[in-house]
Amino acid sequence: MRIVFWLLLFLCNCLYSQTTIKGQVLDTRGKVIVSASVSIYKKSSSSIIAYAITDSRGMFAITLISPEPEVDLEVRSMGYETVVSAISNTSQTKNFILSEKSFVLKEVSVKAAPILQKGDTLRYMVNSFSKEQDRSIGDVLKRMPGIEVLADGKILYQGKAINKFYIEGLDLLEGKYNLANDNLPYQEVSQVQILENHQPIKTLDSIQFSDRTALNIKLKNTYTFTGQARIGSGFSPLLWDANVTPMLFSKKRQMLTTYQTNNTGDNVASQLKKLTIEDLLNQFENNSEKIDWLEVQQLSNPKFSEKRWLDNSVHLLSSNYLQKLKKDYELRVNVSYLNDYQQQKGFTSTQFFTPSGTIDLLEEKFNQFYYNSLQTNFTLKKNTTKNYFKNSLEFQGFWDSQRGNIVLNNEGLKQELGNEYFRFSNNLKSIFSIGKQKLVLFSYLGLNKTPQELRVNPGQFEGLLNDNTPYESVTQNTDLLTYYTNNSLSIIKAVKYFTLESKVGLQLENQKLNSDITTSTNSVLSPDFSNTLDWFRSKVYFDLQTQFKKANWRIELSTPINFHAYTLKDATLQKAEEVSQTTFEPRLNVNYDINSYWKINSSAGISNQFGTINQLHYGYILQNYRSIKRIDSPLPQSKIQNYAVGFSYRNPIRSLFFNCSYSNVQSENNLLYQSEVLANGAVSIDAIEKVNTRSSHNFSTRIGKYIPAIKSNLTLNGSFALQEFPQIINTSLVDIANRNLIIGSKIDTDLTDWINLEYSGSWTFSSNKIEFQKQPQVHQQNHGLNLNFNFKNKQYVGLKSEYVSTSLFSERNENLFADVTYRYTLQKKKIDIELQLNNVFGTTNFKTINVNDFSYVSTNFMLRPRQLLFKVRFAL
Amino acid sequence: MKPQSLLLFAFFIVIANQTYAQNFPKDTLRYEITYDYSYQVNKEDTLSKQKEQMVLKIAKNFSFYASFNNMKLMDLEKNWKESDGLPDRKSLPRTKLYYTIVKEYAKNQMIFGDSFGQSYLYFSKDLDKFEWKLQEEQKEILGYNCKKATTEFAGRTYVAWYTTEISIADGPYKFHGLPGLILSIYDTNKHYQFNVASIKNSSSFCNTGEQSQKPTQITYEEYKQLKKRYKEKPSTLINSGGMTFPKEMLDLADQRAKEKMKFENNPMELTD
């Protein structure tokens, strides 16, 4: 028997023994814990051999077969402390008491694809593109593939400017979207949506297609109060920088108010620029943009970041408010006030190339600009699927003035300019539905006044103005008063795949130009030196627009017939001209979507352009101290043909965007301008009647790709432009050809978790040819390299460097700039403390070269010196 | 109108503020787990894959599992007042999965609810028993260390990845019983896949009995029969709610259902 027993025992030990471990799990108060897991691990390993889940009485029973003499037993339950105990591998009963412990899971979620597409809408997930060093939504926008932000803040999508910038579907800023882009914290934004083929007028949505693209900012919350406040100071001289921008976005109301002031070279005035293509076109159509007739001789600005050279002292106050009213109306009020004082210092050396040789001119300049402007806009709008109504009442006032000091060949010259401008306008557009047809009513009424005065000391053009004797000063006065109205009525009708719009309209424009030149000697000048021009223009137009849309085709044909009539009369000079002409200006657009990735667009058109009042005045005007201009010519007319074709590819899944376009413009003009360069360097311009052709070719391409795996955004772009035209220089006719080639690239990549690198570079090659004589090539390179270090303890160091190189003749100018930023973020209070050292190398002078039609101008510009700035930024 | 939209319409017409929550557990939630659920309705056609996001809401003593959009719909109904008018159908969240699963750990009981036409039916039964085979393999999902386990369920073999870092013996659908939360589970053909999309802490209140209609209890057998009938001849159920629809519409719905049934030859549960 005994042997049998030992044998059995031996066998048992050889085979794996089967053990059962059972017990109960309770909490500290003696209550059972249900659904706790009791796991048996192989001694000090992470592999589970057996486990059980406690039942409704907290009981568990684990049967395990294992050779291990000892195992680890672990009891886990959510909300309780985990218990681990080493036990021997023998059948036993073991009870556990777990103490409570709050347990918070580490929250995670699968990263959403950075760009999503649904129909015509692309959604860019902001958190996929944002970086630690970003502050405003504009910073993040720059990184989104397919989207390009130009230096002035203009947003392009696939190479074309956007037509609307919405915040939560509302157009608060009407084109002045830099206000939001520069100030809205990106943390408040969940998505940036690109709305392709966007028709902003809802009632025309299914009727009239559009190939324009709009951008919509989608916020995280339906009610958002946000914004930023920043205050900073530095030296030398004493610098200041402040920005307070509160914003509110809710379903019924949107508000953005900003006060900004600085003398650090940050040109905040650019935030008041209208940037959407639609608003720009309107501005052009209604000639509502400020035109300066007279000027102080300026320095041409360096072609790199404004912050390095702009010497300003700006105050900007802008308030924008949108309120939804009853019956789907919305009221919008935009009021902006700008005050700026800018200074420019430098010298220019100008070389005029003429067939008879070169003329040199050296000017040392000190200019002061005073800007003072108020812009207001009141808009009432209703945009529903049934009706559309929009009325905007606008007032703009510019009380600007400039002062310029020039040392010309060791002699001083003073210029004083008052360039004021006032405009008042009302714009009404209303669309009603009549059955299935839409009736569109449009009316624009504008009134503007441009009273400007330039005084030059000492008097110039003695030969013309003062019997060849030197004199103290000359004063040019101009005053232009313009009434303009444009009214049209059209009916839009959709028939199957076609949409027909028949339009009839009338434009009237009356401009009165009064100008005169007076001299300090009160010399009696002939009437040739004053204008009393009465300019009347009318245009009656009929237009039939046909749109065709089927499957992947979108075709638009516009066939306007215009009756133009011009009556120009200068009673004093006894000059007059009457022109009446009928023009047919057809235009065809064809868009074809090859598939959801590839698109082709093409257009062809003929149009006519007539001169504007600043291209035709019978009396002399002293435009600047060295240009006195009289354009005693017939009305300038040109017939323009243009062709364009473009391809675009977008693949949001692979985040790959590509576009390329070519355009050709040929214009036939009736006038040629003769620029006569006088011995003293002054330029006199006359027009000669001679039919001539100008042509230009433009090619541009851009490719952008986001690589999520390495969080990198790559962009390559290139463009080439060729312009050919004839010009008269010093009485001989010469053919001029300008070529311009630009190649650029941009890389944004995360080298490690905490180091981010941004590089952008461009190469510009410009050359110009007069007759068959090649002029030397100008070659400019711009490279910017930024390194951003985001340290763990919320500290940030940014190294910014910019390299600019220009070469002309055998001369090469190189400049390297660097800035250092250190930022510390107090996470809890969302406060940034920032220290900035700008222009580390202290470069104070910069030389740029400009190629004109017939001259090379090299400018030496005074830059901002090395400056230290301390800033504090709060999120509101 | 599609039969689905018809149902949706009916769904909103009938308002029953009364809720029947006697047997339904309710409590403050602790965690909310979402899964991306992808399922292939036709055996051969890999393009017939459909996707929906599912939510597993976890409280101390129970869990509640349903389609994310279905939950949204339920919330909408809950807050809907007659004065609001009928909502725009386009703006409503869309779902094809109307079933809900409540797992009560202590009672070892599951409440399975589903809506047919205008009625919301449920049955309760014991939780399914899973024989999990633990494997050595490990991998990381969303930063959680996961272990592999396999099981057989209703005629399919499943691979599950669970994490002991979250000691909740639960998972998507009817799956449960591992010593940790299931973050990913799929059958070996990869026709039915559940992958975790997010893990969140929660403190909102969940009442599993809050349904738009008064839930009616049936037996498991009855449910199976109803399900079969609904698939084959939905008209018999659409009409039962007191509203009548034109015959052509019903015939069309039946016709569609037949075609659908023929195509959808790949149910998740092949056997009982």
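The legends below describe close-up views of a predicted model. Residues are numbered from 1 along each chain as its sequence is written, with chains lettered from A in the order in which they are written.

**View 1. The interface of chain A and chain B.** The contact (heavy atoms within 4.5 Å) takes 24 residues from chain A and 29 residues from chain B. Chain A and chain B bury about 2,400 Å² between them, with 56% of it on carbon and sulfur atoms; buried area is the accessible area (1.4 Å probe) that two parts lose on being put together, summed over both. In chain A, the residues that lose the most area to chain B are A:Tyr51, A:Met78 and A:Leu105, together 26% of what that side buries. Zero salt bridges are found across this interface, where a salt bridge is a side-chain nitrogen of Lys or Arg within 4 Å of a carboxyl oxygen of Asp or Glu.

View 2. A:Asn216 belongs to strand E17 (residues 214–219) of chain A; strands are DSSP runs of at least two residues, helices (H or I) of at least four, numbered from the N terminus. With a relative accessible area of 7%, A:Asn216 is buried (buried is under 20%, exposed over 50%, partly exposed in between; 1.4 Å probe, protein chains only). Its side chain reaches the backbone nitrogen of A:Gly169 at 2.9 Å. Not counting residues up to four places away in sequence, A:Asn216 touches several residues, including A:Tyr166, A:Gln191 and A:Leu195.

**View 3. The salt bridge of A:Asp152 and A:Lys273.** The side chains of these two residues meet at 3.5 Å, N to O. A:Asp152 lies in the loop between strand E12 (147–149) and strand E13 (155–157), and A:Lys273 in the loop between strand E20 (253–262) and helix H5 (277–285), so the pair ties together parts of chain A that are 121 residues apart in sequence. A:Asp152 is partly exposed at 26% relative accessible area, and A:Lys273 is partly exposed at 41%.

**View 4. The salt bridge of B:Glu137 and B:Lys148.** The closest N and O atoms of B:Glu137 and B:Lys148 are 3.1 Å apart. B:Glu137 is in strand E7 (residues 133–141) of chain B and B:Lys148 in strand E8 (residues 144–153) of chain B. B:Glu137 is partly exposed, with a relative accessible area of 44%, whereas B:Lys148 counts as buried at 17%.

Note on methods:
This is a predicted model: local features need pLDDT of at least 70, side-chain atom pairs count only at pLDDT 80 or more; totals for chains, interfaces and linings use all residues. Side-chain values use heavy atoms; hydrogens and water are left out. A polar contact is a pair of N or O atoms within 3.5 Å; within protein, one must be able to donate a hydrogen and the other to accept it, and residues adjacent in sequence count only if both atoms are side-chain atoms.
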